[in-house]
Amino acid sequence: MMPILVAVQGWDPASWARRLKEQLPGHTVLQTDEEGVYRGDRDPADVAYLLAWKPPADLLSRLSGLKVIFSLGAGVDHILELDALPDVPIVRIVDPDLTARMSEYVVWQVLHHHRQGPGYARLQAERRWQELRHPAACDMTVGMMGIGELGRDAAARLRTIGYRTIGWGRTEKQVEGMDCFHGAAGLAPFLGQTDILVALLPLTPETRGILNADLISGLKTDGPLGGPVLINAGRGGSQVDGDIAAALSSGALAGASLDVFETEPLPADSPLWSAPNLVMTPHVAAVSSPRALSVQIAEQIRAFEQGAPLINLVDRDRGY
Ligand code: NDP
Ligand code: OXD
C-alpha cells in the first residue's frame, strides 16, 4: 500500500498518525516531527498521500510521487502559499465535527457581546453589583461575512436563538432564512444592516486586509448594543489588527472577538493586548480533531484507490 505522510507544524503528528493507522491498518503511515521535518528512513519520493498543516516548503519538493494533499484544516492558504506546489489534487476538511466546533465558538461570542459579557467582567473586577440592559435577540442582526460551510451552519444556529441573520459572499446565493448579498456592490447594504459582524472568510488576495477601518465605518452604528461588534474566526490575514485596536479604543467598535491574527502567535507589542472590550483566543475556534477527521480522510483514500472521485476539492484558481 502506498505510504501516507503526516506533516504538521505546531500540532502533535503522533496523534494523527495513530488515528490514521487505526483507520487504514494496511497502509504505512509516516510522520514528521512537530516542526514538520521528516527524519524517517523511507524515501520521501514513495509518499502518495500528504496530510498537512503548515507543511514546510522544502518537504513538498522532496515528495515527487505525491498523488493527493489533504489539508488538515478547512482553510488551505497554508498550502496554496507554498512555492513549487506539485500539481496534484488538494482536499480540504468539510466535516460535521469541525463545523459544530466553529458554530459553538460563533454562538458563544455573539451571546457574550449581546449579553454584556465584557461589561459584567469589568463590574465584577470592580466588585460592583449593577444591571446592564441587553436587547432581545430578535432585535439584532448578525451579518455573516462568508456563507460557506461554516458560515451557513453558524447562522442557522444563531437563528434558533432568535437573531436575524444576513449573509455576504463572493457569488450570488440563496440561503433559506437569510437575506444574502454578494460582491463589492452588496457589501455596503450588508454592512449597513449589521449589528454583529461574523467573518468566516478564507484568506485570498481579495480578502486580505478586508476587515479594516473603512469596512468598520460602514457597519450599523445605531443598533441596540450602542455600536457594532466584530467577530473574526476566519483568517488573521483578512484583518488589520491596528485598525481594529483603534476602533475599539475610539468606540467605533463596541466590542470584538478575534480568534485569528495577522501574525500568530500575537506579538507582545500588539495594541490588541490592551484594547477594550476584546475577547482573544489563540486560533482555537474550531480545532481539527484527529479522531473525527481521520475517519473521513481514510474513507477518501480508500475511495480514491478504488477509482472514485475525491470530494471537498480545492479550486486553486479561486484560492479556497
Ligand atoms: P467555504 O469555502 O465553504 O466558504 C467560504 C465563503 O467565503 C463562501 O461563502 C465564499 O463565497 C466566501 N468568499 C470567499 N472569497 C470571497 C470574497 N472575495 N468576497 C466575498 N466572499 C468570499 O469555507 P468554510 O466555510 O469551510 O471555511 C471558511 C474559513 O474559515 C476557512 O477558509 C478558514 O480560513 C477558516 N477557518 C478557521 C478556523 C479557526 O479555528 N479559526 C477553523 C476552520 C476554518 P462563494 O461561495 O460565493 O465563493
Ligand atoms: C482551519 C483552521 O483552517 O483550524 O481549519 O484554521
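Analyst: In this predicted model, α4 passes α6 in a right-handed crossing. Helix α4 spans residues 96–114 and helix α6 spans residues 149–161, and the two pack with their axes 9 Å apart at an angle of about 50°. Because angles from 65 to 115 degrees count as roughly perpendicular and those under 35 as roughly parallel, α4 and α6 are therefore oblique to each other. On the α4 side, the contact is made by L98, T99, A100, M102, S103, V106, V107, V110 and L111, while α6 contributes E149, L150, D153, A154, R157, L158 and I161. Sorted by class, this contact of α4 with α6 has eleven nonpolar residues, together with two polar and three charged ones.

Helix α1, residues 13–23, and helix α10, residues 290–305, have axes that come within 9 Å and cross at roughly 50°, which makes α1 oblique to α10. Here too the handedness can be stated: α1 passes α10 in a right-handed crossing. The residues making the contact are S15, W16, R19, L20 and Q23 of α1, and P290, R291, L293, S294, V295, A298 and R302 of α10. By class, the contact of α1 with α10 has six nonpolar, three polar and three charged residues, whereas the contact of α4 with α6 has eleven nonpolar, two polar and three charged residues.

Methods. Residues are numbered from 1 along each chain as its sequence is written. Chains are lettered from A and ligands numbered from 1 in the order in which they are written. This is a predicted model: local features need pLDDT of at least 70, side-chain atom pairs count only at pLDDT 80 or more; totals for chains, interfaces and linings use all residues. Side-chain values use heavy atoms; hydrogens and water are left out. Axes are lines fitted to C-alpha atoms, for helices over the stretch in contact, and angles run from 0 to 180 degrees between N-to-C directions. Helices (H or I, at least four residues) and strands (E, at least two) are DSSP runs, numbered from the N terminus. Angles under 35 degrees count as roughly parallel, over 145 as roughly antiparallel, 65 to 115 as roughly perpendicular and the rest as oblique. A crossing is left-handed if the near helix is turned anticlockwise from the far one by less than a right angle, and right-handed if clockwise. Contact means heavy atoms within 4.5 Å. Ala, Val, Leu, Ile, Met, Phe, Trp, Tyr, Cys and Pro count as nonpolar, Asp, Glu, Lys and Arg as charged, and the others, Gly among them, as polar.
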